[in-house]
Amino acid sequence: MKVLTRELTLTVPQRRAIVSLHREVVDLVKESGVQEGLCLVNAMHITASVFINDDESGLHHDYEVWLEGLAPHAPTSQYRHNGAEDNADAHLKRQVMGREVVVAITGGRLHLGPWEHIFYYEFDGRRPKRILVKIIGE
């Protein structure tokens, strides 16, 4: 069995942003040499998410609008979590978007649908955050 474990570090300069991880994950699968297996990609911070969807700017805008409607950042006083911090909305947005994705590897490649793309979604940026990529298989 082959295993590759890698932590990526991102610092998103703004509070929220969607960042493509797709190329990095594709490259890591290739580096791993795994032909048949699984690839886990997970945000290691409770105010960030990893998800799969279309790489389309209109959709990314719609996520921003939708999530801000579900869990608006302001007023920060609406959340009990906020005290010394102001990121309660980021925790809620992460809960909706999810923590991780697991993708099958078939024939040495990510087994994705035609429009599927891997993203990191930062909800409380401006500091380094880690993303775990774990690839396992034969």
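Here, buried means under 20% relative accessible area. The model shown in these views is predicted.

**View 1. Strand S7, covered on both faces.** Six of the six residues of S7 are buried, so the strand is largely enclosed by the rest of the structure. His-117, Phe-119 and Tyr-121 are buried on one side, and Ile-118, Tyr-120 and Glu-122 are buried on the other. In a regular strand the side chains alternate between the two faces of the sheet.

**View 2. The strands paired with S7.** Strand S2, residues 17–20, pairs with S7 over four bridges in the antiparallel sense. Within this pairing, Val-19 stands opposite Tyr-120 of S7. S4 and S7 also run antiparallel and are joined by six bridges. Here Val-50 has Tyr-120 in S7 as its bridge partner.

**View 3. The largest nonpolar core and another core apart from it.** The largest nonpolar core has 23 residues. Those that touch the most other members are Leu-21, Cys-39, Val-41, Val-50 and Ile-135. Two or more residues of this core come from each of strand S1 (2–11), helix H1 (22–32), strand S3 (36–43), strand S4 (48–53), strand S5 (100–106), strand S7 (117–122) and strand S8 (128–137). Another core, of eight residues, lies apart from the largest one; Phe-51, Ala-90, Phe-119 and Phe-123 are among its members. In soluble globular proteins, nonpolar side chains tend to be buried together.

**View 4. Helix H3 and the elements it packs against.** Helix H3 covers residues 88–97. Its buried residues are Ala-88, Asp-89, Ala-90, Lys-93, Arg-94 and Met-97. These buried residues pack against S3, S4, helix H2 (57–70) and S7. Just after H3, Gly-98 takes a positive phi of about 95°.

**View 5. Aromatic rings around Tyr-121.** The model has five aromatic pairs. In one of them, Phe-51 and Tyr-121 are tilted, at 5.9 Å centre to centre and with 45° between the planes. Phe-51 belongs to strand S4 and Tyr-121 to strand S7, so this pair ties together parts that are 70 residues apart in sequence. Both Phe-51 and Tyr-121 are buried. Tyr-121 also forms a tilted pair with Phe-123, at 4.3 Å centre to centre and with 35° between the planes. Phe-123 is buried, as is Tyr-121. Ring pairs link Phe-51, Tyr-63, Phe-119, Tyr-121 and Phe-123 into a cluster.

How values were computed. Residues are numbered from 1 along each chain as its sequence is written. This is a predicted model: local features need pLDDT of at least 70, side-chain atom pairs count only at pLDDT 80 or more; totals for chains, interfaces and linings use all residues. Side-chain values use heavy atoms; hydrogens and water are left out. A nonpolar core is a set of buried Ala, Val, Leu, Ile, Met, Phe, Trp, Tyr and Cys residues joined through side-chain atoms within 4.5 Å. Buried means under 20% relative accessible area, exposed over 50%, partly exposed in between (1.4 Å probe, protein chains only). Two strands pair if DSSP finds at least two bridges between them. Contact means heavy atoms within 4.5 Å. Rings of Phe, Tyr and Trp (its six-membered ring) pair if their centres lie within 6.5 Å; planes under 30 degrees apart count as stacked, over 60 as edge-to-face and the rest as tilted.
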